[in-house]
Amino acid sequence: MASRGGFSNRLGFIAAAAGSAVGLGNIWKFPYEVGENGGAAFLVIYLACAFLICLPIMLAETAIGRNTRLNPFGAFNKLGNRKWGLVGLLGVLSGIMILSFYNVVAGWAFGYFIQIGFGGLLSEGVNYGEYFGGFVSDITDNLLYSIGFMVLTALIVAGGVQKGIERWTKILMPLLVVMILGLISYGLTLDGAMDGLSFYLVPDFSEITANTFYTALAQAFFSLSLGMGALITYGSYVGKNDSIVGAAALITIADISIAFLAGLMIFPLVFSQPSIEANAGPGLVFVALPGIFETMGSIGPFIGASFFLLLCFAALTSTVSLLEVPVAFVTDQFKTNRKKTVYFVATFIFFVGLPTMLSQGASDFFTNFTYYGGESKDFFTLIENVFSDLALPLGGFFIAIFAGWSWKNKGFQKELYFGNATLEGTFLEKMILFMVRFVSPFVVGAIFIISVLQIFFNISLF
Ligand code: PHE
């Protein structure tokens, strides 16, 4: 244990796992998905997915990690057999591919921090929509920003689990929350704020389609860092005296609350600016926020730059967990030197991300890379669809099946008892087992089929 490192205590694990969960998924992705999928109706389905389907899977992941103290591939190989090892490998691969695009978007946030703080971006007459389009297609700047981000990530991961990850999260996450709360209060004073609130909070269930379900489920997996073994890897550093159940509930609540607050922040701001549509897509946060910072006058650049800086830190605690998965895989399986492995894997993933960076207008080839579901798709969308929208739920499906049905000698239950001796025989225990065995696999399996039909064949079942 000592040689692999470990969290200093239960709070250390919660902070690190919450740091992994809270990131661009909450503040960049969640709001634009709500905006594209009809507002409050999406929110309702999203909450249901997070608590009913994902939370049980989070318990399973963490239990597998703590029991084996290995990376996802090693863990499944040890408890199951070679076939199960494939699920772990899928996780490692998803981690690599998700980090490859995540690092690009983190680079955008980093770039906005620089441009707002030092580049004079917030000035009258700037069309922030056009600016964003130009920004993401400018390859030189993006290269610099994303190299910078990957280097930071690698330095933290190389510093070791305990020192690196825990410390940052405990200080900077609360600051981010304060910032969001401040922007919510400001937003509520603006004209149009109430329209924004009702879009976000009053459900119109006629907006629900098959698309809503799969987007909400995929988003819940992504936001909670589930389905690829990030929490197997982090779970491998949790002590035997700590309760996994309480920790998982806290992590889920923290993550979902921050996404919820991000929505409360963004929609009043969006509806107060007539030129911005809620369904603006991936640029939503980057387009809606600068216009608001501009209205703040001379403190605007300071507030704006601080916001994007905090967003960068939130992203950093997530990129760290994404990088940790392939690094733990390589060091565990091939007994390599941890530091060298970190730098090697980070460099490799940076290069894997280049086509994604080029796919936002810089290169025609990657921008119109492929065609499916009735539309031409850029490279970024392809990678996101395959490795995040599909691979995470698929991984989660197998993790639930494994913990619920295949883990021998009641391994899953016994692992939950460590640090939580009173759980045995309770209603809560029966609930958890029922969810992990039946509800999560069934719902995820059904939605997975719906998503494949929808994404690749444009067939909508309802
Ligand atoms: N949960 C992170 C976010 O919401 C992204 C992530 C996904 C991190 C998968 C690790 C594993 O930003």
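First, the ground rules. This is a predicted model, where local features need pLDDT of at least 70, side-chain atom pairs count only at pLDDT 80 or more, and totals for chains, interfaces and linings use all residues. Residues are numbered from 1 along each chain as its sequence is written, and side-chain values use heavy atoms, with hydrogens and water left out.

Helices next. Two packed helices are described by the angle between their axes and the distance between the axes. Axes here are lines fitted to C-alpha atoms, for helices over the stretch in contact, and angles run from 0 to 180 degrees between N-to-C directions. Helices themselves are DSSP runs (H or I, at least four residues), numbered from the N terminus.

Start with α18, residues 379-406, and α20, residues 427-457. Their axes come within 9 Å and cross at roughly 155°. The two are therefore roughly antiparallel (over 145 degrees). The crossing is left-handed, meaning the near helix is turned anticlockwise from the far one by less than a right angle. Contact means heavy atoms within 4.5 Å. On the α18 side the contact residues include Leu390, Phe397 and Trp405; on the α20 side they include Phe438, Val444 and Phe456. By class, this contact has 17 nonpolar, five polar and two charged residues. Nonpolar is Ala, Val, Leu, Ile, Met, Phe, Trp, Tyr, Cys and Pro; charged is Asp, Glu, Lys and Arg; the others, Gly among them, are polar.

Now α3, residues 40-68. Its axis and that of α18 come within 9 Å and cross at roughly 70°. That makes α3 roughly perpendicular to α18 (65 to 115 degrees). This crossing is left-handed too. Ile57, Ala60, Glu61 and Ile64 of α3 meet Gly396, Ile399, Ala400, Phe402 and Ala403 of α18.

The axes of α10 and α18 come within 9 Å, crossing at roughly 70°. So α10 and α18 are roughly perpendicular as well. From α10 come Tyr214, Leu217, Ala218, Phe221 and Phe222; they meet Ser388, Asp389, Leu392, Pro393 and Gly396 in α18.

Last, the ligand. A side-chain N or O atom of Tyr102 is 2.5 Å from a ligand oxygen. For Ala21, a backbone N or O atom lies 2.9 Å from a ligand oxygen. Asn26 has a polar side-chain atom 3.4 Å from an oxygen of the ligand.

Methods
Parallel < 35°, antiparallel > 145°, perpendicular 65-115°, else oblique. Polar contact = N/O pair within 3.5 Å; in protein donor to acceptor, adjacent residues only side chain to side chain.
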